[in-house]
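Subject: Structure for you to look at

Hello,

Here is the structure I promised to pass on. Please open it next to this message and follow along.

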Amino acid sequence: VPSLPPILLPKIMVKQMCFFFLFWQVFLVQVNPGETFTIRAEDGTLQCIQGPAEVPMMSPNGSIPPIHVPPGYISQVIEDNTGVRRVVVTPQSPECYPPSYPSAISPTHHLPPYLTHHPHFIHNSHTAFYPPVTGPGDMPPQFFPQHHLPPTIYGEQGELEGRYWCFTSYSKPQHKKLKDRQIDRQNRLNSPPSSIYKSHIGSCTTVYNGYAKSHNGASSGGGGGGGGAPPVKKPERRARSSPKSNEQDPHARTVSLSWSPPTGLLNADRHNNGLPYTCTYEVALSDKGRDGKYKIIYSGEELEYNLKDLRPATDYHVRVYATYNSVKGSCSEPVSFTTHSSAPECPFPPKPSHRTKSSLTLQWKAPIDNGSKITSYLLEWDEGKRNSGFRECYFGSQKHCKLTKLCPALGYTFRLAAQNDIGTSGYSQEVVCYTAGNIPQTPSAPRLVRAGVTWIALQWNKVEGCTPEEVISYTLEIQEEDNVSTIVFHPKYTGEEQACTVKNLRRSTQYKFRLFASNVEGKSSPSEVLVCTTSPDRPGPPTRPVIKGPITSHGFSVKWGKQVLLVIVELFYIIINSNKNYWEVAYSGSATEYTCTHLKPGTLYKLRACCISTGGHSQCSESLPVRTLSVAPGHCRPPRVLGKPKHKEVQLQWGKPVDGCPVSEYSVEMTEPEEVVSEVYHGPDLECTVSNLLPGATYQFRVRALNDGGYGPYSEATEVTTAAGPPGQCRAPSLSFLSNTRVLVSWESPECSGADISEYRLEWGEDEESLQLAYNGTDTCFEISELSAAAHYCCRLQAINQAGAGPYSDLVTCRIPASVPDAVSTLSVLEDELVDAHQLSPSVCLVLNWEEPCNNGAEITSYNIDLGDISIPVGNVTSYVIDDLLPETSYRIRIQAVNEIGAGPFSHFIKAKTRPLPPLPPRIECAAAGPQSLKLKWGDSSSKLHAADDMVYILQIEDRNKRFIPIYRGPSHTYKIQRLTESTCYSFRIQAVNDAGEGPFSEVSTFCTTKSVPPAIKAPRVTQLGANACEVTWETVPPMKGDPVGYVLQVLVGRESEYKQVYKGEETTFHISGLQVNTDYRFRVCVCRRCLDTSQELSGPFSPSVAFMLQRNEIMLAGEMGSIDDPKIKSMIPTDEQFAALIVLGFASLSIIFACILQYFFMK
């Protein structure tokens, strides 16, 4: 088989492509997994590219390069609807077609599996390079493995046997945008089974313009590197070939999904606007089984999706939903698939378990096997040579390894990889392990590099006697000046560096340093002590300058606090009416005082000071503002009146001084008619308003200016006469009491306001809101009468002239003298409930209640209650209880209030009558006593007196807590208490109540309940024992309240009228003999209670009788409701219960008959 022709790609072609790519066409050589693409470079070397990979190649004229196919293969050129031309090299057999091509080129539509590796092809090496050509956005950079194969591997058999090659020609479409081309390109690259090229390369190679530079410094020329690249020496081959880069099976972590649109939605269907219908699809994935939880992994309008980042050797289920016009359809049937197994995951780095000076023992843990059992581990090391390649030191299935013959105190770098039947994992993180060594020697003292104000820079030499590979750690300790007496050092730095800068120190301070060296074996002795001192700092800012002496209009003297060596005082200069300002040096020297001269008057200056020493230049102090004195201003123009003068105020205006000096304030002086001079305005404005003037008066005004230089001279005076105004405020009127109900009000005339007063107005009222006009006229007094006693009044006065009404005078208040209280208007007697609250009997007392009357200005001190012949004084209350009265007696009552002035009038009379005395309690007697009830009676029900009084009785019983509770209230004279306990004593008391009130309780009476008789039992049972004997049995009754019980058995023979007692005892069975045949016998039983405390016997009721007849052939037993076949028994008299039932049945039948008759007549 002839070899492939060499395809040359010189460096100049790469540059030409960059500038003239529009005239070139790019061919993408697609290398499928398990295949190798071989090209020959310009220098004659062979370059092998292992799939999966895509190799871009360029053609200057667009023609397809000639392809030499081996025997048995044919080449086909196919152009799809996207404009992509594909050259396919396939076997002549129609059954072998590349699975990545469309079904249009495959007659059988069969996708065969990938072919196996050719035996003459080797594994990938660890050298990679960038492709020589990258298109403008279409082809991202890729890593391609490079192989250098000896010529002997190309024999007669050929390296393309059993494989196919695909060359895809991309013509640059002009109608697609760059982004669309990138999307199409990405879809083609992600579509299975296209090549998904993932490479984890052991020794990464970076390529720049066709040259590659590996990590160990070796350089190799790329496939398109050109002939100018010098050949380099290949690195030494390892004893065992390194594992492949982690080329995972693409089907272990990626799957391509595709689906069809829902049935019924055709592509030909379109909207009204001509656009086709579109569906949105949601793809859900589950790794928990067919019925597990599904997770949405895709949502969009495409019909295919590349699923990535799956777990190898894992079962997955996937299903799809379709959504059209916001309606979501049901999901499809789940489809299951299983990802392929892959190489193991990257293991964790090995850990040292034991070390000596010449050996290291490492161990590690197994990583995740990804579906295939791990068969071996590969442990590599750098042999203690830093920044060099790795070599194999162990290969096997064990999880530990021991390395011997190592150097002491040396670090070795290790990395680990795991291998299974699928492939080899990536390497773990590199880990450095050290062998044991010796303690370092004592280092030399550190050297001072430079000292600053707050820091010191130090250096030191490496410890002698240690190997270059040994890691030495240094510890720098410091001793401050304050700790000289204790000689305490504390660490300041620890690390492998041989230099250190100690910071955060104090200025101009002495420090001591010493050094330790340490490794993994221990710590050395301290070095000699280095003593050094930090530099001094620059001085601080001086004190703020202060003024010394007076300030003149052209200068001033200043002084400041003394600092180090040289002091500079700067002066901030401000130009008046200008925005320019700057600082300039006014003085430089060692003095602390300076006099500034030749300054402008009325100008603001700022001063600040700074100082210089060997430490540097200090900051400036705070600035001091100083203003020079100004010159006094000149004459101002006389003020003039704005508008017309008013009766109380005048508005004035004036101008600036004639000389134009700066003015800060103006002062206006006023001369009153009485030659009183006063300042009425002081401020920066050129006008003012003078108020509080007298109407119709003449005033003089003059003005002067003021600045820092002082006051200027006054201007000429201006005379102003105010207008006439309303009267001024009248003085408060005076009040004189003529009597308790009359007041005389008098007043004085106010000052004249330029016009005579024509009228006075006097307002009077109880408060300021209720003032009303009481008088208007020209008099200066007025009398007010008919006033209320102890009432508050107020008044005010106003004067009026032709100019208007003046203001009111101050409010004057007065209070009329107090008098005796008014009569009590409401007097009443309280009801019985309120009398009970005072715990008094209404038969001998009365409770009065009244409302407090008006006290007329003096607080009420007491009340007098008049009962006719008796007068009762009481305190200041509104209710009182009058006791010790006669029962059922009428009284006439009135009351009067008293204060400090005297007693007021009496109220009207009211009539009140005391209640009669309450009734006495009757005597309680027990009329009947039972085991569970007591019937009590009291009083005489036939008494006419009680019948007329409407008497009510309250019966109470004592409970277990010794408290009496009422059990009956009513007019009856008897009451039966139920639900009591037998043989128990109870205590009672009673009280009588009528209109006169509740009477006292009676004495406590105690009554006891009796013992209860035994209950009735069921009819006894009779059993024949022989020819003339029988046995009678009955039910058992338990003891009653501790008392034993017995039984009495009676029998009625034949037609006798009386029962005879045949047995009495505690047994429940009795045998009777000597009975006669064909004779009727009736048996009954009663229970007897024998009271142990009273030796009394109580018999209960008899049970129902039972009939018994002794016959030769048959004994028939019957109770009261039993039936027998003998004619004599049927003719017996029925029992009471049967008779009552017959009566009830008869009455019911009769009622039904009458109802039917009445209904019949009513219907007619």
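Three cavities of 30 Å³ or more were counted in this model, which is a predicted one. Rolling a probe the size of a water molecule over the atoms shows where empty space is left.

The second largest cavity has a volume of about 40 Å³. Its lining includes Ala 409, Leu 410, Tyr 434 and Thr 435, and also Glu 470, Val 471, Asn 519 and Val 520. Five of the lining residues of this cavity are nonpolar, two are polar and one is charged.

Next, the backbone. Most residues other than glycine have a negative phi, and most peptide bonds are trans. Asn 370 is not a glycine, yet its phi is positive, about 55°. Asn 370 sits in the loop between strand E21 (360-363) and strand E22 (374-381). Is Asn 370 buried or exposed? Asn 370 counts as buried, because its relative accessibility is 6% and the cut-off for buried is under 20%.

Lys 1041 also has a positive phi, near 55°. Lys 1041 lies in the loop between strand E74 (1029-1033) and strand E75 (1045-1053). With 63% relative accessibility, Lys 1041 counts as exposed.

Last, a sheet. Three strands make an open, antiparallel sheet in the order E50-E51-E54. Strand E50 (734-739) and strand E54 (781-784) are its edges, each pairing on one side only. From one strand to the next, the twist averages 20°. Five bridges join E50 and strand E51 (residues 742-746) in the antiparallel sense. Leu 735 stands opposite Val 745 in E51.

Regards

Conventions:
Residues numbered from 1 in each chain as written. Predicted model: local features only at pLDDT ≥ 70, side-chain atom pairs only at ≥ 80, totals over all residues. Heavy atoms only, no water. Pairing = 2+ DSSP bridges. Helix = DSSP H or I, 4+ residues; strand = E, 2+ residues; numbered from the N terminus. Axes fitted to C-alpha atoms, helices over the stretch in contact; angles between N-to-C directions. 1 Å grid on protein atoms, 1.4 Å probe; cavity = no way out; pocket = protein on both sides within 12 Å on 5 of 7 lines; lining within 4 Å. Points joined across faces, edges and corners; volume = space filled by probe spheres on them. Nonpolar A, V, L, I, M, F, W, Y, C, P; charged D, E, K, R; others polar. Buried < 20%, exposed > 50% of the residue type's maximum accessible area, 1.4 Å probe, protein only.
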